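Notebook open, new structure loaded. I want to look up the salt bridges and jot down what turns up.

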Amino acid sequence: MILFVAFAATVAVLAYIVDMRAQWVLERDVESLAQSAADFAASQIRDSLAAASIPGVVELNRSLLVPRDFYGFDTAGVSICVGNRGGFLYVNVTASGTRGRGSATAKATAWLYNVTKWAIDHGRVVYLVGQYGPCGSPPSTCFATVIVGARKVAVVNLTRPGCSAMLVKSGVWIIPRG
């Protein structure tokens with residue numbers, strides 16, 4: 001009887017240790033997912049700004065890819081917010097994931113350079129276009145409608161400090177200031 005109780009206690013302690021280790025690994029994986037998604041979104045915007053800096057490029061319109069499939073998790077998702085704080089463009093990501101009985105959430109931020117100064121130096125405006133959602137409480141002056149030909153395009157002005165929006169099916173549109 002004593003041997004059975006000792007064995008059962010040992011198995012219970014080992015199960016607890018394995019469960020704690022699995023949760024720790026899940027938390028690290030979700031943190032890695034959040035940072036990777038932030039870096040990926042920031043790199044797409046950075047590439048767009050670099051391409052728009054090339055002499056002769058008048059306008060640039062680029063769709064931003066938001067990762068949706070995450071292997072190694074039972075379920076996972078990310079929420080990506082792009083905004084301008086004090087002139088500097090940032091990407092905030094909140095990621096969550098589950099594996100087995102464990103669940104974890106993590107946040108990460110990637111900063112880009114001073115997009116407000118870049119826009120002034122290059123005579124450009126950087127807009128977020130397409131489908132986007134609310135992110136924080138940006139002032140109403142961040143949102144506008146730009147007329148392109150015969151159609152109206154709803155935009156978020158990312159060159160204006162304080163503006164932000166959550167990426168859904170969005171893109172970056174860089175046009176001459178005017």
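Is Glu-27 buried, partly exposed or exposed? I looked it up: Glu-27 comes out partly exposed, at 31% relative accessibility. For my own reference, buried is under 20% relative accessible area, exposed is over 50%, and partly exposed is in between (1.4 Å probe, protein chains only).

A note on what I'm working with: this is a predicted model, where local features need pLDDT of at least 70 and side-chain atom pairs count only at pLDDT 80 or more, while totals for chains, interfaces and linings use all residues. Residues are numbered from 1 along each chain as its sequence is written, and side-chain values use heavy atoms, with hydrogens and water left out.

Next, I searched the whole structure for salt bridges (a side-chain nitrogen of Lys or Arg within 4 Å of a carboxyl oxygen of Asp or Glu). The search gave me four.

I started with Arg-28, which is partly exposed at 29%. Its side chain meets that of Glu-27 in a salt bridge, 3.9 Å from N to O. Arg-28 also pairs with Glu-31, with the closest N and O atoms 3.1 Å apart. Both Arg-28 and Glu-31 sit in helix H1 (residues 2–52), three residues apart, about one turn of the helix. Helices (H or I, at least four residues) and strands (E, at least two) are DSSP runs, numbered from the N terminus.

Then I checked Arg-99, which bridges to Asp-29 at 2.8 Å between the closest N and O atoms. This pair links distant parts of the chain, with Arg-99 in strand E3 (residues 88–99) and Asp-29 in helix H1, 70 residues apart.

Last entry: shared partners join Glu-27, Arg-28 and Glu-31 into one salt-bridge network.
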